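These are my notebook entries on a structure I was asked to look through. I set down what I looked up, entry by entry.

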Amino acid sequence: MIKKYDIVIIGGGPAGLAAAISARKNGIESTLILERDKELGGILNQCIHNGFGLHTFGEELTGPEYADRFIRQVREQNIEYKLNTMVINISREKVITAMNREEGMFLIQAKAVILAMGCRERSRGALNIPGYRPAGIYSAGTAQRLVNIEGYLPGREVVILGSGDIGLIMARRMTLEGAKVKVVAELMPYSGGLKRNIVQCLDDFGIPLKLSHTVVNIKGKERVEGVTLAQVGADGKPIPGTEEEYACDTLLLSVGLIPENELSREMGVELNRVTSGPVVNESLETNIEGVFACGNVLHVHDLVDFVSEEAAAAGKNAADYIKWQQPVEVPEQKQNRTIILESRNGVRYTVPAVIRPERMPEEMTVRFRVGAVYKNCYISCYFDEERVLHKKRTILAPGEMEQIKLTKEQILNASSLRKISILIEEE
């Protein structure tokens, strides 16, 4: 027998929780969260450092504290959720196949689906590092779980490859637990993490950051015994003669996050080649009607506060979609105008990718990342060929997400508008 819900949310991390609460606040009672882990909260449960919640709650919280604020609301509002439940497939008709120990395999029919599966770490296999496969090589997130939740110290002499935020935070965490972090190496000529994490996690502990460096060899067969770093040129290839040897028993990899979109791909959701997340419109709706996406499954965020904000919008939009399905709530005839958002001149992508003016909120946030470090530049926005925004910035970096605001009024007033371009100008 197929169970039926108005909205089913895939993932019970910060995005899924915020989306569920928002859907309930916007009048949808029949909501279900499906979470594959043994508890709600997602990755926040292992992020015991502070710095969360400044935008959302106006105070500094740890990851578990931030998650708990939302988990409490989910329970207070009696929003249904299933833990230890793996989603195997979602059809274009929004039939979800899932399984757990108690119920076995079962089907759920949803009127709307919100994708909130988060992201995963890029593995060693994606890096093509020579060497054997000894013990002592971990992704930074795995090491974080081992230290913060399981209570194990992965190693005592550590090299970290990649300067993403998790890697920077783990450099500090391993140091506090008594390990010696010898160096953080970064392939790019700039860090992939937030500036505050570089200062608080590396500079404050005297941990060197080597930009334009990578691991070219791993020594050891049973256990990591050392790594070889080398400088790389503009083409990303190691420069002969720049090799440096570091004795260590552990190598942590913090080499990027990838949205967890296997389910999305299988159901036919169009994915953005830059973000690896779904292409969405102003409602955070994918190319499949009634399927929405938010959080790190859509594009990797730098702050969880922005995840919650985006997910709340997805929850509201999914609720509106459900209401539009009711005969008494049929909106005015949809107009066909669709405006494309174009990213160029240093802007790598935008979320959303298209806007239907009649469906957008009164004010909409467009988020994006830049592809390099820019100093003393401008973020510009053009409506077709007319520049409508020219915002001075001292510095822009790939590690920090940027955003601009667009209003429904200004877009509706531009009746012939067909393309919005967001770009970096250095003038």
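Is Gln 46 buried or exposed, and why? I worked from a predicted model. Gln 46 counts as buried because its relative accessibility is 5%, and the cut-off for buried is under 20%. I located Gln 46 in the loop between β2 and α2. Setting aside neighbours within four places in sequence, I found Gln 46 in contact with Gly 141, Gln 144, Arg 145, Asn 148 and Ile 149.

Entry on confidence. I noted a mean pLDDT of 93 for the protein chain, with 96% of its residues at 70 or more. Over residues 327-331, pLDDT stays under 50. For that stretch the model has five contacts beyond four places in sequence.

Entry on helix α1. I then checked burial and found α1 mostly covered, with 11 of its 12 residues buried. Among them are Pro 14, Gly 16, Leu 17, Ile 21, Ser 22 and Arg 24. I traced the packing of these buried residues to β1 (3-10), β2, α2, β6 (104-115) and α7. Just after α1, I recorded a positive phi of about 95° at Gly 27.

Entry on helix α2. I read α2 as residues 63-76, 14 residues in number. From first C-alpha to last, α2 reaches 20 Å, close to the 20 Å expected at 1.5 Å a residue. I listed its buried residues as Gly 63, Tyr 66, Ala 67, Phe 70, Ile 71 and Val 74. What do the buried residues of α2 pack against? I found α1 (14-25), β2 (31-34), β3 (80-82) and α7 (304-324) as their partners. After α2 comes Asn 78, whose phi is positive, near 55°.

Entry on the pair α3 and α4. Two packed helices are described by the angle and the distance between their axes, so I looked up both. The axes of α3 (residues 140-150) and α4 (residues 165-176) come within 9 Å and cross at roughly 35°. I noted the crossing as left-handed. On the α3 side I listed Ala 140, Gly 141, Ala 143, Gln 144, Val 147 and Asn 148. These meet Ile 166, Gly 167, Ile 169, Met 170, Arg 173 and Met 174 in α4. By class, I recorded seven nonpolar, four polar and one charged residues in this contact.

Entry on strand β13. I began with Gly 226, which is found in β13 (residues 226-231). Gly 226 is buried, with a relative accessible area of 4%. How far apart in space are Gly 226 and Ala 247? I found 4.1 Å from C-alpha to C-alpha, against 21 residues in sequence. Not counting residues up to four places away, Gly 226 touches Asn 217, Ile 218, Lys 219, Tyr 246, Ala 247 and Cys 248.

I then turned to Val 227, also found in β13. Val 227 is buried, with a relative accessible area of 0%. Beyond four places in sequence, its contacts include Val 159, Val 215, Glu 244, Tyr 246 and Leu 251. I also looked up Val 227 and Leu 146, which are 81 residues apart in sequence and 22 Å apart in space, C-alpha to C-alpha.

Notes: Residues are numbered from 1 along each chain as its sequence is written. This is a predicted model: local features need pLDDT of at least 70, side-chain atom pairs count only at pLDDT 80 or more; totals for chains, interfaces and linings use all residues. Side-chain values use heavy atoms; hydrogens and water are left out. Helices (H or I, at least four residues) and strands (E, at least two) are DSSP runs, numbered from the N terminus. The expected span of a helix is 1.5 Å times one less than its number of residues. Buried means under 20% relative accessible area, exposed over 50%, partly exposed in between (1.4 Å probe, protein chains only). Contact means heavy atoms within 4.5 Å. pLDDT is the predictor's confidence in each residue, from 0 to 100. Axes are lines fitted to C-alpha atoms, for helices over the stretch in contact, and angles run from 0 to 180 degrees between N-to-C directions. A crossing is left-handed if the near helix is turned anticlockwise from the far one by less than a right angle, and right-handed if clockwise. Ala, Val, Leu, Ile, Met, Phe, Trp, Tyr, Cys and Pro count as nonpolar, Asp, Glu, Lys and Arg as charged, and the others, Gly among them, as polar.
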